[in-house]
Amino acid sequence: MSQPLITLDFLDTPTLPTPAVDATTHAHEPSGEVRVNPATRTGRTRKLYMESYGCQMNFSDSEIVSSILYNEGFDTTEDLASADLVLLNTCSIREKAEQTVRMRLSQINSHKKRNPAMLVGVLGCMAERLKSKFLDEEKLVDLVVGPDAYRDLPQLIQQVDGGQKAVNVLLSREETYADITPVRLNSNGITAFISIMRGCDNMCSFCVVPFTRGRERSRDAHSIVREAEDLVAQGYKEVTLLGQNVDSYKWASEDGLEHVNFAQLLERVANISPELRVRFSTSHPKDITDEVLHTMARHENICKYIHLPAQSGNSRILALMNRTYDRPWYEDRVQAIRRILGDDCGISSDMISGFCSETEAEHQDTLSLMELVRYDMAYMFFYSERPGTLAARKLEDDVPLEVKKRRLAEIIELQREHSRLRNQRSVGRVHRVLAENFSKRSQEHLSGRNSQNQVVIFPRKHYKKGDYVNVLVHEATTNTLLGEAV
């Protein structure tokens, strides 16, 4: 019997409001989701069962892994018990994610006892930090593979087939997987993600990503455009360009004659087809430029939505977080968005409550920044220390848990009100919506997003998934717009 798709609570509290359809979360935050790769049935002799945890970057990486192993004779399966190889693509952003993966590995090992030939491996962000625990101490897995070593999977599997444990968690300064065509197993056939870069050079003191995904490197611009062109040829209507910090994308040809920054890449992808909608995630406040904003303004098919994580509204806390900008800088970037793209451009954020030594007045600064910006949506967390980060080594996690939770509740409550007000602005207007799926509640309604990333539900009528539909919105909730096709 097939294993069900499991929904996991990675967050210590719900993120409100809910992100848009199909878990289109920004690149590096946990979405509270785990995906099981659906089955392929091409007659290959071995079966791969893979669960992907946490963030869109991991889901994208799993498509690369599926492609590599497909060429090595593996079909994917949704049936854990029948798998020859079980892989968990892991996330280290939150402590609870690690606890969940460890529990899942224990469950999987009960299947392995009944089927000793089953190979079990851990991929991704937990690999480097927990390799010795998983392999040697707890003996939960046969192989551990870091995010830059997926090309080595066939060789590592051979080692395990030969009776050895296998590990490769080396990080690379060059690997981008630019030449590998992902197997888009979890796609709806309408929207797709294109990884444009890997790693991160920012050393935010609370974040493990630079240690788990390595230094930043940008993918060949021509390979990105080719991938987008191929998707258009297959009927896809929207792509999201993914990176830990897309605004720092920079690529140069080997002969040095061609240089491409993010604004130029964005324009190249937008020029492929006026019917291809283009999104991107995530932007860093220190790097987003007016050139990017003007490029967005020139192209109707570049969606007017920017995820611009603030993390805090207080300059002292931002300095402790090593965000490399202060509040006035952040406010200037928001003002630039409003000046160039207008008040209707959607802006979302990340907020952390209770970071090391945060005072009540500094928490109030976060609330006042939220009042100033009026975010459409936010990912909200209280601070939890991650081993190996700069904050864990140098700062004391000294805000009591009950204070963190109370401050977070205040942030969530304020964001809920702002989301409601921002959605209310859309009532009485006609929005161009890309229909992506049926509504969760009814097959007679379609669900999609407008340019601002707002979820819109409307009666299906004669429309189908993949259609662009003009929808007159007549009602708004905190999370959703409701309307009629016109």
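Predicted model: local features only at pLDDT ≥ 70, side-chain atom pairs only at ≥ 80, totals over all residues.
How are α8 and α10 oriented to each other, roughly parallel or roughly perpendicular?

1. **Helices α8 and α10.** The axes of helix α8, which covers residues 290-298, and α10 come within 9 Å and cross at roughly 25°. Angles under 35 degrees count as roughly parallel, and α8 and α10 are therefore roughly parallel to each other. Their crossing is right-handed. On the α8 side the contact is made by D290, L293, H294, M296 and A297, and on the α10 side by R333, A336, I337, R339, I340 and L341. By class, the residues of this contact of α8 with α10 divide into 7 nonpolar, 1 polar and 3 charged.

2. **Helices α7 and α8.** Helix α8 also meets α7, which spans residues 262-270; the two axes come within 8 Å and cross at roughly 15°. α7 and α8 are therefore roughly parallel to each other, and the crossing is right-handed. From α7, the residues F262, A263, Q264, L266 and E267 meet E291, V292, T295, M296 and R298 of α8. The contact of α7 with α8 has 5 nonpolar, 2 polar and 3 charged residues. M296 of α8 is named in this contact and is also listed in the contact of α8 with α10.

3. **Helices α10 and α11.** Helix α10 (residues 327-341) has a further contact, with α11 (residues 360-373): the axes come within 11 Å and cross at roughly 15°. That angle makes α10 roughly parallel to α11. The crossing of α10 and α11 is right-handed. R327, Y330, E331, V334 and R338 of α10 meet D365, S368, L369, L372 and V373 of α11. The residues of the contact of α10 with α11 comprise 5 nonpolar, 1 polar and 4 charged.

4. **The open sheet.** Three strands form an open sheet in the order β15-β16-β17, and the pairing is parallel. At the edges stand β15 (305-307) and β17 (377-382), each with a single partner strand, so one side of each is left without a neighbour in the sheet. The twist averages 10° from one strand to the next. β15 and β16 (residues 346-353) run parallel and are joined by 3 bridges. Within this pair, I306 stands opposite I347 in β16.

5. **The barrel.** A separate point concerns the 5 strands that close into a barrel in the order β18-β19-β20-β22-β21, where the pairing is mixed. Direction ignored, neighbouring strands of this sheet are turned by 50° against each other on average. Strand β20 (residues 455-459) and strand β22 (residues 480-485) run parallel and are joined by 3 bridges. The bridge partner of I457 is L482, in β22.

6. **Domain arrangement.** The protein chain is divided into domain 1 (34-168), domain 2 (191-425) and domain 3 (429-485). The C-alpha centres of domain 1 and domain 3 lie 37 Å apart.

Conventions:
Residues numbered from 1 in each chain as written. Heavy atoms only, no water. Axes fitted to C-alpha atoms, helices over the stretch in contact; angles between N-to-C directions. Helix = DSSP H or I, 4+ residues; strand = E, 2+ residues; numbered from the N terminus. Parallel < 35°, antiparallel > 145°, perpendicular 65-115°, else oblique. Left-handed = near helix turned anticlockwise from the far one by under 90°. Contact = heavy atoms within 4.5 Å. Nonpolar A, V, L, I, M, F, W, Y, C, P; charged D, E, K, R; others polar. Pairing = 2+ DSSP bridges. Domains from an automatic or database assignment.
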